[in-house]
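This report describes a structure of two chains. The sequence and coordinates come first, and the description follows.

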Amino acid sequence: MILQSQTEQPKNWLLSSWNTWDRFWFTPRQPHVLGLLRIFTGAMLLYCHLVLASQLTSFLGDTAWINNDTAMQLHDGAFGIADAGHSYLWYLDSPSLLWSHQVLTILVTASFMIGLLTRITGPAAWFLQLMYIHRLTGALFGLDQIVTYTVMYLMFTPCGSTFSVDTWIRKKFLNKISSSPKLDWLFPDVRPSVVANVATRLLQIHLCVIYLFGGLAKARGDSWWDGTAVWYAIGNYEYQSIDMTWLGAYPRIIAALSNITLFWEVFYCALIWPRLTRPIVLGLAIAVHGGIALFLGMATFGLMMVAANMIFIEPTWLTGFGDDPVDDPIDDQKEQEEIDNLVADLGPGSGIHQDQDLRAQKLKQAEKKIRAKYAKLKSRHALVKEREAKYRERVTRLKRREAKIKRYAERRQKAKKQRTDEQE
Amino acid sequence: MSSSSDIGQQSDEASHPADAETPVQRGNWKRSLISVLIIVHLLAVALPPMMFQSGGSAIVTTLLRPLRAYTEFLYLDRGYAFFAPDPGPSHLIDAAVTQSDGQRTETRYPDREQQWPRLLYHRHFMLAEFLTEIYQPPGPPRELAQIDRPAAEQWVRLRARYEHVRQSLVDHLRTQNDRKPVAIRRVEHLIPSAAEFHAGDFALNDPLLYEVLLDLPITVAPPQVVPTESIPAPAAVQDLTAPVDDASKDTASKDDAPKEAPDSETDAQQNADSEVTPEPDTAGVKS
């Protein structure tokens with residue numbers, strides 16, 4: 001008996017761990033946050049490529065700051081160990097070819113930003129970004145890292161199913177798209193999916209790793225402990241965009257900012273998950289990265305880090321702004337209450353001696369609200385009908401498939417029976 | 001918008017998502033496979049910064065070996081040490097272009113006036129930082145080659161990397177300046193302490209804070225052989241302090257002598273003359 005309970009304990013523990021893992025990774029998630037993050041990431045990628053285009057041959061080709069040969073040698077082992085950071089851009093020299101490539105990249109990233117053919121433009125934007133990254137060695141910084149990671153996780157997801165041109169196309173050609181599995185994949189519907197959850201979790205954990213090691217690296221220095229680090233950041237003339245050196249007159253503030261930054265980075269990975277501390281940690285993320293964006297001349301990096309931190313926002317926050325007004329019960333209730341109040345005011349118990357004008361005004365208001373409500377209900381009804389039609393079609397398709405399978409099974413059974421009979 | 005209590009609710013969902021949504025039913029083998037891929041990817045995310053911090057612990061090196069190519073191609077091989085361990089001075093490049101009439105014009109990179117928007121300026125700034133980051137002094141010292149041959153070979157490779165990058169920067173500047181002679185030098189921009197700044201000793205861009213970084217070989221001083229007999233007995237300490245102090249002062253004064261910033265062109269000429277660029281594909285380099 002005791003032996004049995006002892007063997008069951010680790011088994012139960014394992015089962016419960018697997019269930020927790022399963023819930024954490026495989027619970028379907030709405031794609032709204034990813035849709036918003038796609039817009040930010042796409043915009044940042046687009047901006048980076050536009051800026052690069054302003055001095056293209058200074059960064060790509062044989063006459064660049066780091067020319068093609070040197071860029072290749074920095075990766076191919078000529079100066080030590082080779083790495084796998086390869087890029088075909090090492091071999092592109094012709095300005096017309098470089099320009100064509102740049103225009104293509106700009107078009108791809110712009111399409112990704114607006115959510116046009118996101119299933120294709122997402123992976124394409126990521127791949128092009130990697131090629132640039134391995135070519136631009138020496139000119140890169142934190143922005144390039146975070147933007148590459150974000151697009152890497154987004155490309156797997158149906159991030160084009162919301163806040164996108166793909167959504168508009170899907171609505172416009174709903175029947176055609178929902179009847180074809182390929183088109184249904186290309187223009188995904190807004191629905192919870194496991195892949196959206198996996199990508200969200202991966203980016204969340206990746207951010208935790210970035211902050212943890214950023215914090216640990218700072219903890220090895222003296223200035224983050226003795227509280228002078230922030231002074232040396234704001235006192236760096238080359239980084240400075242807004243002069244904050246007046247803060248140096250308040251050493252306690254400088255020290256507090258330095259120490260808070262250190263502790264925030266180290267403990268981000270733990271404090272971002274509990275309900276109590278998440279708003280504080282996100283608030284500090286906005287403050288720290290906002291500060292970097294405003295005062296340390298890295299608006300792009302600061303904004304992108306704030307955008308990446310959005311991954312910890314739950315999609316339910318954004319579903320109100322989403323493309324599917326069918327599931328919006330809170331709004332309904334509120335409107336209904338307002339209309340009921342207005343009607344009650346105009347009812348028989350509301351007092352006959354009330355001013356006629358006021359009554360007329362209220363009546364108009366009520367009418368307007370009821371009309372708006374009616375219009376909303378009508379459009380919702382149409383959407384529900386549309387969805388119903390889609391489901392009906394799906395059911396028909398499934399029934400057809402089921403019948404086909406049944407026929408096949410019957411045929412097999414018959415054949416089997418026949419063979420048995422023949423053998424007998 | 002949602003209040004902070006809403007965030008709390010969402011956090012609960014994050015921690016216990018099963019309360020909110022039902023997991024999709026899938027084949028266990030599929031989930032197991034995806035789980036393995038997730039673990040591999042997470043290792044690829046966490047191990048490179050671990051390697052960066054540990055400086056190559058045995059376990060991290062072993063675990064990272066099979067994932068190396070994956071992390072490098074996906075640009076995951078980063079340390080994430082932003083402004084760490086301490087925010088330090090900036091490193092810039094001074095470029096001197098000799099005009100056809102012999103006049104020299106100097107430009108400093110990065111330059112906010114010349115490079116706009118800010119992202120473009122920052123790319124130039126990173127290039128200047130990169131040159132100093134990969135700097136390797138001329139050498140290796142002969143003694144190192146005798147003691148540790150692999151370290152000496154690595155020195156040669158790192159020096160070659162620095163020289164190739166420096167030459168690439170010079171070539172770019174020559175292309176931009178109608179093939180006129182160009183020389184560059186590295187400059188470090190020091191940051192005054194808050195006390196010095198507020199005492200009015202230095203402005204942030206005070207010329208005194210810009211220090212030219214010289215490209216000089218590291219020389220190994222011959223070891224001083226001190227005979228046992230010369231160690232003073234406790235009673236004689238006071239008598240012997242004076243000559244010892246004098247000797248140390250002499251050494252210090254030599255070390256602290258202000259380094260004269262070399263004429264940028266001459267410096268570059270010397271560098272160019274002494275530049276020994278090993279062929280990247282030679283067997284020696286590859287080994």
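How many of the 424 residues of chain A count as buried? The share is 48%, where buried means under 20% relative accessible area, exposed over 50%, and partly exposed in between, with a 1.4 Å probe and protein chains only.

## Basis

This is a predicted model, in which local features need pLDDT of at least 70, side-chain atom pairs count only at pLDDT 80 or more, and totals for chains, interfaces and linings use all residues. Residues are numbered from 1 along each chain as its sequence is written, chains are lettered from A and ligands numbered from 1 in the order in which they are written, and side-chain values use heavy atoms, with hydrogens and water left out.

## Chain A

Chain A has 18 helices and 0 strands; helices are DSSP runs of H or I with at least four residues, strands are runs of E with at least two, and both are numbered from the N terminus. Among contacts in chain A (heavy atoms within 4.5 Å) between residues at least 6 apart in sequence, 76% join residues at least 24 apart. The accessible surface of chain A is about 21900 Å², with 64% belonging to carbon and sulfur atoms (Shrake-Rupley method, 1.4 Å probe; for residues, only the protein chains shown count as cover).

In helix 8 (residues 165–172) of chain A, the residues D166(A), T167(A), I169(A) and R170(A) are buried. They lie on the same side of helix 8 of chain A because they cover an arc of only 165° around the axis, the arc being that of the directions from the helix axis to the C-beta atoms. These buried residues pack against helix 6 (118–135), helix 9 (174–179), helix 10 (181–186) and helix 18 (356–423) of chain A. The face turned away from the buried side carries the exposed residues W168(A) and K172(A).

## Chain B

Chain B contains 11 helices and 4 strands, and buried residues make up 36% of its 287 residues.

The 4 strands of chain B form an open sheet in the order 2-1-3-4, with antiparallel pairing; two strands pair if DSSP finds at least two bridges between them. Strand 2 (104–109) and strand 4 (210–213) of chain B are the edge strands, each pairing on one side only. Strand 1 (residues 90–98) and strand 2 of chain B pair over 6 bridges, and A96(B) stands opposite E106(B) in strand 2.
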